[in-house]
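This report is meant for a reader who is meeting the structure for the first time. Please look over the sequence and the model before reading on.

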Amino acid sequence: MKIKDIAEKLNLRIVSGANGLDREVINGYSSDLLSDVMGSAQAGELWITLQTHKNVMAIASLKDLAGIILVKGFKPDPDMEEQSNEEDITVLVTDDDTFTINGKLYKLLKG
Amino acid sequence: MKEFRADLHIHTVLSPCGSLEMSPRNIVREALKKKIDIIGITDHNSTRQCRMVALEADKAGLTVYTGVEITTREEVHCLAFFETFDILEQFQEYLDEHLPEIKNDPDRFGYQVVVDENENIVYEEPKLLISGLSNGIDQIGEKVRSLNGLFIPAHVNRPKFSLISQLGFIPPDLKADALELSRHTSKEEFVEQFPYLVRRTFVRGSDAHCPEDIGTAFTRIKMENVSFEEFRLALSGSGGREARL
């Protein structure tokens with residue numbers, strides 16, 4: 001499923017990196033420890049986190065992740081937003097907490 | 001130029017995890033016993049014990065850099081130091097404003113008290129000091145710089161509460177006066193792993209939570225005298241000054 005379809009179905013706000021909306025999502029990965037994401041996330045996964053630091057984009061790019069969902073209405077830091085646009089990796093925002101959005105995404109991708 | 005031994009990372013009785021033995025008097029006595037010239041007072045998210053330690057140390061001829069170990073929103077621990085009590089107080093206001101309203105439970109986390117030179121309790125901090133501030137590391141670093149303070153991400157090599165554990169890696173453009181390494185690694189070992197950090201200044205502190213640990217790790221600082229301005233210059237490696245492990 002593409003990022004744009006997930007954004008539409010789960011009612012996610014597109015904050016930045018709209019050029020990445022056609023990326024294919026193969027799975028999800030939820031973690032707020034960036035060292036863990038660097039070690040364990042797989043290419044094509046949609047990353048769910050509350051971190052808003054620009055390192056998020058560096059790791060998403062390094063791991064070739066499909067996109068990022070920020071939970072609880074968090075907004076990316078300005079330099080994270082900028083890098084998302086440069087890297088064409090979409091940052092989406094939900095007001096849901098991690099558990100809730102995980103459940104919705106799981107159902108959508110695997111249900 | 002002289003060389004000073006500085007243990008820049010010491011908790012007091014105010015930190016919930018700090019031993020009740022960590023009173024100003026005991027800290028000063030132990031630092032002198034360990035032949036430490038300079039101590040950094042860095043409680044979790046509070047500067048309120050600094051003044052008492054500094055006054056006590058002053059009587060004994062020991063230098064104190066008054067500071068704090070901040071927990072950022074990302075739960076990265078960072079040391080910050082400020083030159084005067086006035087500025088320290090300004091930063092305390094910032095801490096009070098951005099530390100969440102979560103009450104401490106002393107039975108679970110430990111007591112958070114400020115004590116005077118006679119070890120009488122003069123203040124008890126109601127908010128849990130080990131919470132993360134509502135601001136991120138970049139915003140906090142900026143605030144510290146705006147108060148002319150020194151900003152030093154703590155134990156960056158550790159697998160918990162460090163820049164590397166929380167944010168994956170140390171941003172190459174990070175604005176910091178130094179990086180703190182714990183006793184578990186050497187500068188050589190660390191920069192072999194992260195060669196892009198070779199030009200950074202590294203410091204080390206004991207992260208003492210009980211008196212025995214004070215001075216078990218320290219930084220050797222070569223500078224003219226122990227003033228805050230000299231410390232700043234030493235961290236930047238200016239004019240032959242240096243800080244090394």
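## Chain B as a whole

The model is a predicted one, and in it chain B has eight helices and eleven strands. The radius of gyration of chain B is 17 Å, close to the 18 Å that the globule rule gives for 245 residues, so chain B is as compact as a globular protein of that length. Taken along the principal axes, the box filled by the C-alpha atoms of chain B is roughly 45 × 40 × 30 Å.

Of the 245 residues in chain B, 49% count as buried. When the contacts in chain B between residues at least 6 apart in sequence are considered, 71% of them join residues at least 24 apart.

## Helix α1 and its surroundings

Helix α1 of chain B covers residues 24–33, and its buried residues are B:Pro24, B:Asn26, B:Ile27, B:Val28, B:Glu30 and B:Ala31. What covers these buried residues includes the strands β1 (2–10), β2 (38–41) and β5 (113–115) of chain B, together with the helix α2 of chain B. After α1(B) comes B:Lys35, whose phi is positive, near 60 degrees.

## How α1 and α2 pack

Two packed helices are described by the angle between their axes and the distance between the axes. The axes of α1(B) and of α2(B), the latter spanning residues 50–60, come within 9 Å and cross at roughly 45 degrees. The crossing in which α1(B) passes α2(B) is right-handed.

On the side of α1(B), the residues that meet the other helix are B:Pro24, B:Arg25, B:Ile27, B:Val28 and B:Leu32, while α2(B) contributes B:Met52, B:Val53, B:Glu56, B:Ala57 and B:Ala60. The residues of this contact divide into eight nonpolar, no polar and two charged.

## The contact between chains A and B

Eleven residues from chain B and eleven residues from chain A take part in the contact between the two chains. On the side of chain B that touches chain A, the elements that give two or more residues are α5 (137–146) and α6 (163–167) of chain B. The largest share of that side, four residues, comes from α6(B). By type, the residues on the side of chain B that touches chain A divide into five nonpolar, four polar and two charged.

Definitions and conventions
Residues are numbered from 1 along each chain as its sequence is written. Chains are lettered from A and ligands numbered from 1 in the order in which they are written. This is a predicted model: local features need pLDDT of at least 70, side-chain atom pairs count only at pLDDT 80 or more; totals for chains, interfaces and linings use all residues. Two residues are in contact if their C-beta atoms, placed from the backbone, lie within 7 Å. Ala, Val, Leu, Ile, Met, Phe, Trp, Tyr, Cys and Pro count as nonpolar, Asp, Glu, Lys and Arg as charged, and the others, Gly among them, as polar. Axes are lines fitted to C-alpha atoms, for helices over the stretch in contact, and angles run from 0 to 180 degrees between N-to-C directions. A crossing is left-handed if the near helix is turned anticlockwise from the far one by less than a right angle, and right-handed if clockwise. A residue is buried if 20 or more other C-beta atoms lie within 10 Å of its own, exposed if 12 or fewer, and partly exposed in between; C-beta atoms are placed from the backbone. The radius of gyration is taken over C-alpha atoms; the globule rule is 2.2 Å times the number of residues to the power 0.38.
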